[in-house]
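Welcome! Take a look at the chain below, and then we can go through some questions about how its features get their names.

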Amino acid sequence: MKSMSQLAVLSRRWRPSEMKLDLFQEVVLESSSVDELREKLCEISGIPLEDIEFAKGRGTFPCDISVLDIHQDLDWNPKVSTLNVWPLYICDDGAVIFYRDKTEELMELTEEQRNELMKKESSRLQKTGHRVTYSPRKEKALKIYLDGAPNKDLTQD
């Protein structure tokens with residue numbers, strides 16, 4: 001990155017024919033253009049430009065998702081021209097983008113293979129600890145009193 005106007009996103013290739021995800025690769029963009037993102041993904045992957053599909057990862061880094069769900073559950077190829085609009089809202093560095101070759105067929109799994117993969121995925125997702133559910137309640141500020149008791153005159157709620 002050479003300037004504050006650049007945007008760095010982390011890309012991860014989804015390979016449906018192998019049911020696996022590649023490692024993260026950083027992509028530095030000069031603008032928030034979807035076309036530029038697609039061009040950069042084309043450069044690093046070798047996938048023809050017209051065959052690249054992408055989706056924004058859900059949640060926070062590393063945006064873990066089961067390989068059994070990724071093909072259907074993500075919003076592939078959103079109809080936008082810039083990254084900073086709905087449904088992407090990519091305005092800051094560090095967003096995770098999954099991409100794939102739209103001509104690559106999804107691997108057909110037998111019931112046994114699916115069960116095996118489900119076991120692997122559930123242990124992987126539990127190990128990383130990213131399957132945490134958060135309380136929907138708003139956080140409250142912590143008040144620390146140094147003299148032992150709260151002074152009713154100074155505190156105003």
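**Reading the chain, question by question**

Among contacts in this predicted model between residues at least 6 apart in sequence, 63% join residues at least 24 apart.

Q: What makes up the secondary structure of the chain?
A: There are three helices and five strands. Going along the sequence, they come in the pattern β-β-β-α-β-α-β-α.

Q: Why is serine 11 called buried?
A: Buried means under 20% relative accessible area. Serine 11 has a relative accessible area of 1%, so serine 11 counts as buried. You will find this residue in strand 1, which spans residues 7-15.

Q: Which residues is serine 11 in contact with, leaving aside its neighbours within four places in sequence?
A: Contact means heavy atoms within 4.5 Å. The partners of serine 11 include Leu23, Phe24, Leu41 and Ile44, and also Ile97 and Tyr99.

Q: Why is leucine 142 called exposed?
A: The label exposed is for residues over 50% relative accessible area. Leucine 142 has 75% relative accessibility, so leucine 142 counts as exposed. Its place is in the segment after helix 3 (111-128).

Q: What makes strand 5 mostly covered?
A: Six of its six residues, 96-101, are buried. Val96, Phe98 and Arg100 point one way from the strand, while Ile97, Tyr99 and Asp101 point the other way. Both sets are buried, so each of these residues is under 20% relative accessible area.

Q: How do you know that strand 1 and strand 5 pair?
A: Pairing needs at least two bridges between two strands. Strand 1 and strand 5 have four bridges, so they count as a pair, in the parallel sense. In this region, leucine 10 stands opposite valine 96 of strand 5.

Q: What makes strand 4 and strand 5 a pair?
A: At least two bridges are needed, and strand 4 (residues 52-56) and strand 5 have five, in the antiparallel sense. The two strands therefore pair. Alanine 55 has phenylalanine 98 in strand 5 as its bridge partner.

Q: How many residues does the chain have, and what percentage count as buried?
A: The chain has 157 residues, and 35% of them count as buried.

Notes. Residues numbered from 1 in each chain as written. Predicted model: local features only at pLDDT ≥ 70, side-chain atom pairs only at ≥ 80, totals over all residues. Heavy atoms only, no water. Buried < 20%, exposed > 50% of the residue type's maximum accessible area, 1.4 Å probe, protein only.
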